Amino acid sequence: MTVYLLKRIFTEEIDNVQTLNALYRELSLLSNEYRKCTIAYYFDGLSCAETAAKLHISLEMVKYYLFKSRKMLKEGIIMEREFGTRSYKPADFRFRTIYAGKYNEEYHNLFTRKLPGNILDCAYYTPMSIRELTVELGVSAAYLEDEIALERERIL
């Protein structure tokens with residue numbers, strides 16, 4: 001069933017397992033809005049109107065997301081992507097603070113986990129988009145978006 005739905009994206013035969021895997025890879029790189037819209041329409045089989053209602057966005061926005069998603073997926077599939085070294089060899093991030101006052105263990109322990117430590121390490125000196133981080137870290141955008149949202153909540 002998945003192959004049938006994916007054929008609707010490209011209007012051509014997807015008979016190559018490698019192409020199908022590339023498509024899955026590219027889906028994992030899409031940002032939350034594009035990914036949810038694409039999955040609702042192509043995988044869940046919802047109409048544009050149903051997708052709009054489910055995601056609480058306008059019909060025009062659904063059409064825009066689907067148009068842009070198809071374009072990004074097509075471009076990404078023909079492109080060869082090289083994941084960054086952190087995708088297979090995460091950095092061992094160490095965080096030291098010079099502080100006066102109460103020691104904040106939660107803040108210190110945050111960066112002992114590999115994902116937040118490597119996000120910070122990658123984007124500290126050079127800001128990176130979620131898409132760039134997904135390629136560098138080899139982690140789906142869905143997981144990165146959740147992790148970054150958690151960190152934003154802690155900061156604010």
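The chat below goes through the predicted model of this protein chain.

Q: What kind of model is this, and how are residues numbered?
A: The model is predicted, so local features need pLDDT of at least 70 and side-chain atom pairs count only at pLDDT 80 or more, while totals for chains, interfaces and linings use all residues. Residues are numbered from 1 along each chain as its sequence is written, and side-chain values use heavy atoms, with hydrogens and water left out.

Q: How many helices and strands are there?
A: The protein chain has nine helices and zero strands. Helices (H or I, at least four residues) and strands (E, at least two) are DSSP runs, numbered from the N terminus.

Q: How much of the chain is buried?
A: Of its 156 residues, 32% count as buried. Buried means under 20% relative accessible area, exposed means over 50%, and partly exposed is in between (1.4 Å probe, protein chains only).

Q: And what share of contacts is between residues 24 or more positions apart?
A: Such pairs account for 61% of the contacts with a separation of 6 or more. Contact means heavy atoms within 4.5 Å.

Q: Let's go to helix 2. Which residues are buried there?
A: Leu20, Ala22, Leu23, Glu26, Leu27 and Leu29 are buried in helix 2.

Q: What span should helix 2 have?
A: Helix 2 covers residues 17–29, and its 13 residues should span 18 Å. The expected span is 1.5 Å times one less than the number of residues. The end C-alpha atoms of helix 2 are 19 Å apart, which agrees.

Q: Changing topic: at what angle do helix 7 and helix 8 pack?
A: Helix 7 (residues 114–123) and helix 8 (residues 130–137) pack at about 115°, and their axes are 11 Å apart. Axes are lines fitted to C-alpha atoms, for helices over the stretch in contact, and angles run from 0 to 180 degrees between N-to-C directions.

Q: Which residues make that contact?
A: Helix 7 gives Leu115, Asn118, Ile119 and Cys122, and helix 8 gives Leu133, Glu136 and Leu137. These residues divide into five nonpolar, one polar and one charged. Ala, Val, Leu, Ile, Met, Phe, Trp, Tyr, Cys and Pro count as nonpolar, Asp, Glu, Lys and Arg as charged, and the others, Gly among them, as polar.

Q: Is Leu137 buried or exposed?
A: Leu137 is buried, because its relative accessible area is 5%.

Q: What does Leu137 touch?
A: Not counting residues up to four places away in sequence, Leu137 touches Arg86, Ser87, Leu115, Asn118, Ile119, Cys122 and Leu144. The C-alpha atoms of Leu137 and Leu115 are separated by 8.5 Å, and the two residues are 22 residues apart along the chain.

Q: Where is His56?
A: His56 is in the loop between helix 4 (48–55) and helix 5 (59–78). Its relative accessible area is 72%, so His56 is exposed. Phi of His56 is near 60°, a positive value in a residue other than glycine.

Q: Last one: where is Leu150?
A: Leu150 is in helix 9 (residues 141–155). Leu150 is partly exposed, with a relative accessible area of 40%.
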